[in-house]
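Biologist: Please explain the terms applied to the aromatic residues in this model, setting each value against its cut-off.

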Amino acid sequence: MRLADAAPAPLGSKSANDKLVIGLIGCGGMGAANMRNLMNFNDVEVAALCDVDDNRVPNDLRDVEKKYGKRPDVYKDYRKILDRKDIDAIIVGTPDHWHALVLIHACEAGKDAYCEKPLSHDIVEAVSMSEAVKRHKRVVQCGTWQRSTREFTDAIDYVRSGKLGKIVLCRAWISDDFKAGHQKPTTPPAGLDYDTWVGPAEFVPYQSNRCHFNWRWFMNFGGGLSTDWGVHMMDIALLGMSKGQDLVMPTSVSTFGGLRVFTDDDRNAPDTMEAIYDFKDPEFTMHWSIGRDHPEKEGHGTEFVSADGRTLRVWRGGWKILDPGGKELPKEQAAPPPDHWRDFVDCVKTRSTPRASLPSVAQTTVVCHLSNVAMFAGETVHWDAKRQDIAGRAGKNTQSYHRPYRKGYSLPDYRPTP
């Protein structure tokens, strides 16, 4: 499945007036949503669509044809998009277990990319993706769009300013109430190439409750809400505690949890989790929670707690600062950030670093995977930021760290040599 190495496109080869020609790999869902956001710009054109399920294509095909007055080419094999010299960039909108192969092959083919989150199925994939982007000098924006939303950028700026004081604790959380139910394996629907949909993952018979969208709650294809939402909420905590996009990384993590609520269900991703991360530079603790309720809080969010007891809380839609007794305090606003998708287009043309660059979001993705690694390992896991790897053996036998690819598929391993 590996493409031959290809030379990167010349840096700065597109002027500000040139159209950015894009191909979508993974129709429907967030891939299609990202495509439609990019279609709002006059200097973007969508030339091709790709999906292994014919049933996912018609709506996207209709809208692209209506927008540009011509029918885009449609493929089932994403490599045919990567082979096209007229396509500058791709959108990676596949399920998580396909992200690494599509993104790395795109880098090798000299394509820039907008890649959905979470970036990878496991830690080894995330590190390989990051190093591939660096080696091939690609511009890759990730789907962590909270980095370009005002409540989050304001909150991050306030924490970084030092006005909240010394931060000793960060909290991030999400509620999980997904129930997959029980199904027996059936024949895949007509039009779905299910064998290719499974791709590099372990092959399991088709069930609709673990396919489109629902794959997030099956560890063969995703990482549960630790990756699906942790990559949003823990990302904000990490950004607030960092000076830029090169994020602070934990030294150790311990996790407790599992399937405590939906015990009679096909899903196998944990519905309850408490993970504790320890950081040394700067020194603080981060708490990640997948739970059932968060009294007097939104169902998702991030908090920064200062040494004097003040708390900054941010969620989708707002942020506030509270004194130790819960009284709301004055806050500050900065200039609104640029549009997340416009930022991608501009960075491709100028060869600049986007707001959610893949190497940075790969760091957050590793942090998210570490919560699953520690839980499935049943022991504390230690991270070596310099080596970009788990220190010691604890956790390396879990599929959230690494898993073998199915016969016929291989991961191009770009990880740095120890």
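Modeller: The model is predicted, with local features needing pLDDT of at least 70, side-chain atom pairs counting only at pLDDT 80 or more, and totals for chains, interfaces and linings using all residues. Residues are numbered from 1 along each chain as its sequence is written, and side-chain values use heavy atoms, with hydrogens and water left out.

Biologist: Why is the aromatic pair of Tyr194 and Trp197 called stacked?

Modeller: Rings of Phe, Tyr and Trp (its six-membered ring) pair if their centres lie within 6.5 Å; planes under 30 degrees apart count as stacked, over 60 as edge-to-face and the rest as tilted. For Tyr194 and Trp197 the centres are 5.9 Å apart and the planes 15 degrees apart, therefore the pair is stacked.

Biologist: Why is the pair of Phe213 and Trp217 called tilted?

Modeller: Their centres lie 5.8 Å apart and their planes meet at 55 degrees, so the pair is tilted.

Biologist: What makes Trp217 buried and Phe213 partly exposed?

Modeller: Buried means under 20% relative accessible area, exposed over 50%, and partly exposed in between (1.4 Å probe, protein chains only). Trp217 has 7% and is therefore buried, whereas Phe213 has 48% and is therefore partly exposed.

Biologist: Why does Trp197 count as buried?

Modeller: Trp197 counts as buried because its relative accessibility is 3%. Tyr194 is also buried, at 6%.

Biologist: What makes the charged end of Lys297 sit over the ring of Trp173?

Modeller: The definition requires NZ of Lys or CZ of Arg within 6 Å of the ring centre and within 35 degrees of the ring normal. The charged end of Lys297 is 4.6 Å from the ring centre of Trp173. Likewise, Arg342 lies over the face of Phe41, at 4.9 Å from the ring centre.
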